[in-house]
Amino acid sequence: MASARPKRSYTVRSSATHGRGAFATRTIRKGARIIEYRGARSSWDVASERPLSDPADPYHTLLFELSDGTVIDAGLRGNAARWINHGCQPNCEAIEYDDGRVFIHARRTIRAGEELAYDYRLSFVGPITRKAREALTCRCGAKRCRGTLLLKVPAKTKRRARQS
Ligand SMILES: C[S@@+](CC[C@H](N)C(=O)[O-])C[C@H]1O[C@@H](n2cnc3c(N)ncnc32)[C@H](O)[C@@H]1O
Ligand SMILES: [Zn+2]
């Protein structure tokens, strides 16, 4: 007897954008709910006490911040949504529901083989160093790529004028 469970609409594999990514395995219709962004919930402070998700890249993030400041850490009890990369002109969007759950939805019809992406709209608190700016460079490849995973790039750290 055929299973009543619908086949997953994505698979995870290596991505040209970064590391591993999620790719559509069939046509996904505009508006379709693809996957929940799951993980441990806590305050930002508690989540940032945990070990880095990638010690080789201190700016690698698996944290998703909700409108009330709660953070979902996909590094702890997370699911495959943790593999979805950022895109500046993405085919998906992350929608926060009234109950605080977050689901990734298709923003347009997505064809089999396309990489799934949504806009992370990351924020960075305080002045940004050159190292951080470089680490947060976007490689989504979109025509109108912002060049950064951040929604807005904060002002650079000021260099003090040399005193003679
Ligand atoms: C939730 S993970 C996505 C999965 C990631 N590709 C991996 O293999 O772990 C988020 C991290 O992936 C990287 N990433 C995602 N989208 C990117 C993009 N458009 N350009 C560059 N790096 C990206 C960044 O390091 C980001 O912090
Ligand atoms: Zn981009």
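**Ligand 1 and the zinc site**

Let me start with ligand 1: a nitrogen atom of this ligand sits 2.9 Å from a polar backbone atom of Arg139, a polar contact here being a pair of N or O atoms within 3.5 Å.

This is a predicted model, where local features need pLDDT of at least 70 and side-chain atom pairs count only at pLDDT 80 or more, while totals for chains, interfaces and linings use all residues. Residues are numbered from 1 along each chain, chains are lettered from A and ligands numbered from 1 as written, and side-chain values use heavy atoms, without hydrogens and water.

Two more contacts. Arg20 brings a backbone N or O atom to 2.7 Å from a ligand 1 nitrogen. Asn85 uses a polar side-chain atom, also 2.7 Å from a nitrogen of ligand 1.

Now the shell. Ligand 1 is surrounded by 20 residues, each with a heavy atom within 4 Å. His18 and Thr61 are among the closest.

On to the metal. The zinc ion, ligand 2, is held by the SG atoms of Cys88, Cys138, Cys140 and Cys145, at 2.3 to 2.4 Å; donors are N, O and S atoms within 2.8 Å of the metal (3.2 Å for Na, K and Ca). Their sequence spacing is C-x49-C-x1-C-x4-C. The zinc site is tetrahedral, with angles of 107 to 113° among 4 donor atoms; for four donors, that term needs all angles between 85 and 135 degrees. The ideal tetrahedral angle is 109.5 degrees.

Terms used: Polar contact = N/O pair within 3.5 Å; in protein donor to acceptor, adjacent residues only side chain to side chain. Tetrahedral: all angles 85-135°; square planar, octahedral: opposite > 155°, others 65-115°.
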